[in-house]
Amino acid sequence: MSDKELILEIIKTLERIDINMDSINITLVRQEENLKNHMKRSDALEAHVKALEETVVKAQNKILKAEGALSFIGVLAVILGIIAGFVELF
């Protein structure tokens with residue numbers, strides 16, 4: 001193989017490498033864009049989860065208050081029942 005043929009073969013190889021690198025760069029740009037979109041979706045989902053957690057906490061607090069009120073009413077009813085029982089005895 002002559003020097004000229006060797007140089008032509010090296011140039012062809014470099015051109016193939018350049019084409020492959022262009023393909024890799026295009027893939028990398030696409031992956032970066034996909035990553036940006038994924039991060040936006042993840043941030044949006046995290047915001048929704050946080051809002052949902054706040055709503056659940058508020059609902060749990062309301063349930064606890066309702067349970068407390070019902071317990072108070074139950075205790076009050078028992079006390080009134082005991083008082084009514086004593087009044088009937090005397």
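Buried means under 20% relative accessible area, exposed means over 50%, and partly exposed lies in between (1.4 Å probe, protein chains only). Of the 90 residues of the protein chain, 0% count as buried. This is a predicted model, in which local features need pLDDT of at least 70 and side-chain atom pairs count only at pLDDT 80 or more, while totals for chains, interfaces and linings use all residues. Residues are numbered from 1 along each chain as its sequence is written, and side-chain values use heavy atoms, with hydrogens and water left out.

**Fold and overall dimensions**

- The protein chain has one helix and zero strands, where helices (H or I, at least four residues) and strands (E, at least two) are DSSP runs numbered from the N terminus.
- The radius of gyration of the protein chain is 38 Å, well over the 12 Å that the globule rule gives for 90 residues, so the chain is more spread out than a compact globule. The radius is taken over C-alpha atoms, and the rule is 2.2 Å times the number of residues to the power 0.38.
- Along the principal axes, the C-alpha atoms of the protein chain fill a box of roughly 130 × 20 × 10 Å.

**Positions along helix H1**

- Helix H1 covers residues 3–89 and includes isoleucine 79; isoleucine 11 and lysine 65 are also placed in H1.
- Isoleucine 11 has a relative accessible area of 38% and is therefore partly exposed. Its C-alpha atom is separated by 87 Å from that of leucine 70, 59 residues apart along the chain.
- Lysine 65 counts as exposed, at 63% relative accessibility. From lysine 65 to leucine 89 the C-alpha distance is 36 Å, for 24 residues in sequence.

**Surface and nonpolar patch**

- The accessible surface of the protein chain comes to about 8500 Å², and 68% of this belongs to carbon and sulfur atoms. Areas come from the Shrake-Rupley method with a 1.4 Å probe; for residues, only the protein chains shown count as cover.
- A nonpolar surface patch is formed by Leu70, Phe72, Ile73, Val75, Leu76, Ile79, Leu80, Ile83 and Val87, together with about 890 Å² of accessible area.
- Patches are made of residues with over 30% relative accessible area and no salt bridge; like charges are joined within 9 Å, and nonpolar side chains (Val, Leu, Ile, Met, Phe, Trp, Tyr) within 5 Å.
- Isoleucine 79 is partly exposed, because its relative accessibility is 43%.

**Salt bridge**

- The structure holds one salt bridge, defined as a side-chain nitrogen of Lys or Arg within 4 Å of a carboxyl oxygen of Asp or Glu.
- Arginine 16 pairs with glutamate 9 in a salt bridge, with the closest N and O atoms 4.0 Å apart.
- Arginine 16 is partly exposed at 47%, and glutamate 9 is partly exposed at 34% relative accessibility.
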